[in-house]
Amino acid sequence: MLQEIPVIAIDGPTASGKGTVAGLVAGKLAWHYLDSGAIYRVLALSALRRGVDLAEEASLAAMANTLDVSFSADRIWLAGEDVSLDARREETGNAASKIAALPQVRAALLARQRAFCTPPGLVSDGRDMGSVVFPQAFLKIFLTASAESRAERRYKQLIAKDLPANIADLLRDLQERDARDSSRAVAPLKPCEDAVVLDTTALSIDAAVQCVLSLVAQRGVGRIA
Ligand code: C5P
């Protein structure tokens, strides 16, 4: 049954625009959207708040099993509290990248992510959507952009939300995060063999969305709303 529900997997490094593109594509198709990074972020936030060491694999996996996370529109909830702002902070993203390297944590979050795959279809974004979580996806995209342009985009996003930001620190953190996400033993960040690589350094969000939608149309799946 799971095999029959169409899935688009959009993977890529931090601030590549994959969340925005995935959300817009999901809206156009009137499909569900999974921001898998938000789940890792909420788990990291919960660990930071409870003072749990970010290397405590067994404790973090146990927390992952009972994590009370939910999404509505563009809000992220942890045990009924709107944690959208805290979840989006750079320090939360960096902590998420640390706990995401732990195999037991990834295993504990697998079923939770797969539960988003419901009719009429799903657009998911993350690091291992095409390789591990939804290997059956009919379309796999690896969305990327230069580190400098990603740092600049992240800077603008944070400033727009009145969150603290410094472009040099952002670039350094982003390169460290890329290195950690790419070199980890489980589900490292890299394009799947069957992924279409889309470099958005010189591409607007709209152009990237159109590109994904035309790949969907070429495969004869989904109807644009
Ligand atoms: O995508 P986002 O920046 O919100 O993800 C935060 C961190 O969560 C990433 O740096 C990555 O380490 C981790 N992550 C992951 N696998 C996913 C989604 C996110 O390892 N599918």
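Mentor: Let's start with the lining of the largest pocket, whose residues split into 15 nonpolar, 14 polar and 18 charged. Here Ala, Val, Leu, Ile, Met, Phe, Trp, Tyr, Cys and Pro count as nonpolar, Asp, Glu, Lys and Arg as charged, and the others, Gly among them, as polar. Before going on: this is a predicted model, where local features need pLDDT of at least 70 and side-chain atom pairs count only at pLDDT 80 or more, while totals for chains, interfaces and linings use all residues. Residues are numbered from 1 along each chain as its sequence is written, and side-chain values use heavy atoms, with hydrogens and water left out.

Trainee: What lines the largest pocket, and how much space lies in it?

Mentor: The general idea is that rolling a probe the size of a water molecule over the atoms shows where empty space is left. On a 1 Å grid over the protein atoms alone, a cavity is a set of points where a 1.4 Å probe fits but cannot get out, and a pocket is an open set with protein on both sides within 12 Å along at least five of seven lines; lining residues have an atom within 4 Å of a point. Grid points are joined across faces, edges and corners, and a volume is the space filled by probe spheres set on the points. In this structure, the largest pocket holds about 1,200 Å³ of space. Its lining has 47 residues, with Gly19, Tyr33, Asp35, Arg41 and Arg88 nearest the centre.

Trainee: Which space does the ligand take?

Mentor: The ligand takes the largest pocket. A molecule sits in a pocket if more than half of its atoms lie within 2 Å of the grid points.

Trainee: Which residues come nearest the ligand?

Mentor: A residue is near a molecule if one of its heavy atoms lies within 4 Å of it. There are 17 residues around the ligand, and Arg41, Arg106, Arg127, Asp181 and Arg184 come nearest. By class, this shell has 4 nonpolar, 5 polar and 8 charged residues. Its largest share, 4 residues, comes from α2; helices (H or I, at least four residues) and strands (E, at least two) are DSSP runs, numbered from the N terminus.

Trainee: What about the backbone?

Mentor: Most residues other than glycine have a negative phi, and most peptide bonds are trans. Here, Pro119 and Pro120 are joined by a cis peptide bond, with omega about 5°. Ala30 is not a glycine, yet has a positive phi of about 60°. You'll find Ala30 in the loop between α1 (18-29) and β2 (32-35).
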